[in-house]
Amino acid sequence: MVATIGVWTTATNLETLDMELFTHARSVLSFNVLEVGNITLVQALTLISNYEQKKNKPNSGYDYSGLAMRVAMGLGLHKEFQNWNISPLAMEIRRRTWWSLYVFEVGATITFSRPHSRPREGVETSLPFNIDDRVKSLICHKSH
């Protein structure tokens, strides 16, 4: 999906490479992946939602965004737990994934005048750190 959006936003002609990439990315999804959700799935669904909105398909975008939000909450990305044995890098990825999805949801709600589908209560995830990923990676590596 990253390549799909990249091609679509930088293309200088009307070729269909973005649609080919999108069709392939979407073909990998099935209802089975929803049963074993993971952060990569949340990220992919969020990007699919964004792409569909860019392609003037607000209904599809809204549907994919809703799936992303539900999978994210199913994974507990909206929560942080005391004394959780998780690496700082893994926690940062969880935070960034949650808040990126949240920002996309807010943007879509405003743009398409849709009802709020994000939770207003029960979100306990801290904001991500504003640091360079390379520095964060070095700090995490040294601490272990």
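I took helices (H or I, at least four residues) and strands (E, at least two) as DSSP runs, numbered from the N terminus. I worked from a predicted model, where local features need pLDDT of at least 70, side-chain atom pairs count only at pLDDT 80 or more, and totals for chains, interfaces and linings use all residues. Residues are numbered from 1 along each chain as its sequence is written, and side-chain values use heavy atoms, with hydrogens and water left out.

**Entry: positive phi**

I started with S113, which I found in the loop between helix 6 and helix 7 (133-142). S113 is not a glycine, yet its phi is positive, about 50 degrees. I noted for context that most residues other than glycine have a negative phi. S113 counts as exposed, because its relative accessibility is 64%; my cut-offs are under 20% relative accessible area for buried, over 50% for exposed and in between for partly exposed (1.4 Å probe, protein chains only).

I then looked up N56, in the loop between helix 4 and helix 5. N56 also has a positive phi, near 65 degrees. With 63% relative accessibility, N56 counts as exposed.

**Entry: helix 4**

Does the span of helix 4 agree or disagree with its residue count? I took the expected span as 1.5 Å times one less than the number of residues. For the 16 residues of helix 4 (residues 39-54) that should be 22 Å, and the end C-alpha atoms are 23 Å apart, so the two agree.

At the N-terminal end, N38 caps helix 4, with a side-chain oxygen 3.1 Å from the backbone nitrogen of T40. I used the polar contact rule here: a pair of N or O atoms within 3.5 Å; within protein, one must be able to donate a hydrogen and the other to accept it, and residues adjacent in sequence count only if both atoms are side-chain atoms.

The buried residues of helix 4 include L41, V42, L45 and Y51.

**Entry: T4**

Which helix holds T4? T4 sits in helix 1. T4 is buried, as its relative accessible area is 1%. Leaving aside neighbours within four places in sequence, I found T4 in contact (heavy atoms within 4.5 Å) with D18, L21, F22 and Y51. Y51 is one of the buried residues of helix 4, and the buried residues of that helix pack against helix 1 (2-10), among others.
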